[in-house]
Each structure stands twice: as structure tokens, then as C-alpha cells.
Amino acid sequence: MNMKKLLSGIKKWFNRLYRALIVLVSGWNLRKLAKAFVSIAVVFLLAGSYLWYTRLYLNNDRRFWMAIENSMATPSVTRTLNSGGTGNKVVQTQQFFFSPQMATRSHVSYEQKNAVVNTTVETEGLSFVGADYSRYTSFNTNQKKEDGSSPNLDSVLNKWESSEYTDEELDNSRLNYISEHVSLVVFGNFDANTRHEFIRELKDNNAYTITNVTESTEDGRKLLSYSVKVNLKAYTTLLQKAFTAAGFGEFPPLNPDNYKEGVTINSGIRVDKNSGEVVGVSFGSRTEVYNGYGIQINVQKPDAEFSSGQLQEFVQQEIGTAL
């Protein structure tokens, strides 16, 4: 009898619990609740996908090749070269514009400082296939000419000099223009099919062999520094194809036939881990710094007040024996 009462009591307790749950659930907004559960599931799915992509799929090797491909998909990029050292420094910044434009805008600053000399010069240049333009934008020096006067370029600052080439000189102009684009990474604005073809060829021919990777943080940026052996024959073969595809034509000074199979050069290629962009290329004593990807400016030929050689002749006469 006691067992029957116990079972009956348990049954009544479950019935009361069931009725209470029914009352509770009936007051819920099931549509909102379903949306909430779906939202939570999506968050977990995205978080899991991100962790898988960044930590498992996107390893250092894939980051390298993504950066190489990104360099082939930009309307423009800026390269900075530094030379000299304390007391005698030259900084050259070149902004390369690719398809649909073919132009280069440059800025050069020269600084000479020591116990008795304090000279700074800044120039700008625009380069196109068939025409170059240059001007002085700043000039200061404490040096004197033989007659004791100070050199002064104020009258010609920011005035352009043009150098346009004849049909006979056009090919030399083209080669000079292409030569500034030679590096150990291909930069340009190619379509997706061309990029994929180039990447496949670089991989198939072992143009790049990664020997080491280190990670560092500079100015808040996470950088991957790749030590790379570049197969010169394989790379120059691809570089020639890239020049042709970009509309520059071939560059005979870098004929792949001039390189033996297996000859390599040691280089360093730095990649911004977050943006996936090549930010540095180094080989030998040369270090190139890259930034300003994708800036689009309509570069036009300026109105020049001086013809070829006139501005430089004036500057040489004005500076005289001061420098």
C-alpha cells in the first residue's frame, strides 16, 4: 500500500511539472527563440571557420603565395629605396601605376650633412613610355660659390622640364621605363586567370624555394620574413611574360637564356601577416620597401616650361662651384 502511494505521489509530481512546463513554454516567443539559437550557431560556425582558416589552412606557405598573387593584383604600389648613411643620405620613392595606366611618379630627397656642409635637395619626376618630366621642389645649402654668393634655385622651383623621345629613341625609353620595374617579385594589375597561370608556373618551375620563416612585430604590424632562394632562369622567364602581358614588351637585358639551370640568388621577402601584402624585398645590398597598394590617381603629363637639358643646365650654372 505504501508503494502504491509512493508511485501515485511521483506520478502527480511529474504531472504538475509537466503542466508547469507547458505554461512556461506557452509564454515564450518561439520565433524569436529560434532566431536566437540560429544566431548563436552562426557565431560559433564563423568563429570555428576563422580559427580553422587562420591556424590550419592559412599556414606560412599559403600566406607567402597569397602575397605574391596580391602583388599582381594592384593598380599601383609605392616602392622606397634608401642609400647612403649618416651625413650623406638619398631616399627615392617611386609610385608605380599599372593597367589601365602606364606611369611612374617619383620623389627623391638628398641630404648631405657634416660639420661644415648642410645641403638638402628634393626633386620629383614623372615617367611614361616615350617621355620623362622632372622638377626641383626644394633646395637649401649653406655652401658658397667662389664669388661668395649663395646658390639659389627659387626661380625654377616646381617648374617642369620635359624629355620627349624621337621614334629612334623610343625603344631606349621603353627599356629605361621597364628597368625600374625589375625586382624579385612581380607587381602589376593582371586579371585572375593570368595571375593564376603565373602562380602555377612559379610553383611548377620552383622559382621560389622558402628556406626559413620568422615572425616579428614592427610598428604594431605582424610581419613574416621569408628567406627565399630565387631560381633566376625560372623567375626571369616568368618576369618576361609579365612584362609582355602588362603591355611593356620584352626586356632583353634579362634574357632567361643567359642563366644556367639551377642558379639561384638569396633574397628576403617580407609579408604583412594581416593585409597579406609584400612589404619588403631584399637581395645583395639592396632593400626595397613597399606600401600604398591600390592607390588610384589619374597621372597626366604636366605643362613643361623647360625642354630637355635646359633646367639641369640652369641648375649647374647656378650652383657652380658651391657643391
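Reader: Which residues is Val278 in contact with, beyond its neighbours within four places in sequence?

Author: This is a predicted model. In it, Val278 is in contact with Ala67, Ile68, Val185, Phe187, Ile269, Arg270, Tyr290 and Tyr293, leaving aside neighbours within four places in sequence. Contact means heavy atoms within 4.5 Å.

Reader: Which residues touch the most other members of the largest nonpolar core?

Author: Val278 is one of them, along with Ile68, Leu202 and Tyr208. That core has 40 residues. Among the elements that each supply at least two residues are helix H3 (60–70), strand S8 (221–231) and strand S10 (278–283). The largest share, six residues, comes from H6. Another core, of nine residues, lies apart from it, with Val121, Tyr136, Phe139 and Phe306 among its members.

Reader: Why is H5 called roughly antiparallel to H6?

Author: Look at the crossing angle. The axes of helix H5 (residues 192–204) and helix H6 (residues 232–245) cross at roughly 170° and come within 10 Å. Angles over 145 degrees count as roughly antiparallel. Therefore H5 is roughly antiparallel to H6.

Reader: Which residues meet there, and what classes do they belong to?

Author: From H5 come Phe198, Glu201 and Leu202. They meet Tyr235, Thr237, Leu238, Lys241, Ala242 and Ala245 in H6. By class, the contact has six nonpolar, one polar and two charged residues.

Reader: What makes the pair Arg195 and Glu69 a salt bridge?

Author: The distance does. Their side chains meet at 3.5 Å, N to O. The cut-off is 4 Å, so the pair qualifies. Arg195 is in helix H5 and Glu69 in helix H3, 126 residues apart. The structure holds 11 salt bridges.

Reader: Why is Arg195 called buried?

Author: Its relative accessible area is 16%. Buried means under 20%, so Arg195 is buried. Leaving aside neighbours within four places in sequence, Arg195 is in contact with Glu69, Met72, Ala73 and Phe190.

Reader: How do you know that Glu318 forms a salt bridge with Lys145?

Author: The closest N and O atoms are 3.8 Å apart. That is within 4 Å, so the pair counts as a salt bridge. Glu318 lies in helix H7 (residues 310–319). Lys145 lies in the loop between strand S5 (131–141) and strand S6 (161–164). The two are 173 residues apart.

Reader: Are Glu318 and Lys145 buried or exposed?

Author: Glu318 has 18% relative accessibility. Lys145 has 18% relative accessibility. The limit for buried is under 20%, so both count as buried.

Reader: What makes Arg286 partly exposed, and what is the label for Glu288?

Author: Arg286 has 31% relative accessibility. Glu288 has a relative accessible area of 1%, so it is buried. Glu288 forms a salt bridge with Arg286, with the closest N and O atoms 2.7 Å apart.

Reader: Why does Ser76 count as buried, and what does it touch?

Author: Ser76 has 0% relative accessibility, under the 20% limit, so it counts as buried. Ser76 lies in strand S1 (residues 76–85). Not counting residues up to four places away in sequence, Ser76 touches Phe96, Phe97, Phe98, Gly292, Tyr293, Gly294, Ile295 and Gln296.

Reader: How far apart are Ser76 and Ile297 in space?

Author: They are 9.0 Å apart, C-alpha to C-alpha. In sequence, 221 residues separate Ser76 and Ile297.

Methods:
Residues numbered from 1 in each chain as written. Predicted model: local features only at pLDDT ≥ 70, side-chain atom pairs only at ≥ 80, totals over all residues. Heavy atoms only, no water. Axes fitted to C-alpha atoms, helices over the stretch in contact; angles between N-to-C directions. Helix = DSSP H or I, 4+ residues; strand = E, 2+ residues; numbered from the N terminus. Parallel < 35°, antiparallel > 145°, perpendicular 65-115°, else oblique. Nonpolar A, V, L, I, M, F, W, Y, C, P; charged D, E, K, R; others polar. Core = buried A, V, L, I, M, F, W, Y, C linked by side-chain atoms within 4.5 Å. Buried < 20%, exposed > 50% of the residue type's maximum accessible area, 1.4 Å probe, protein only.
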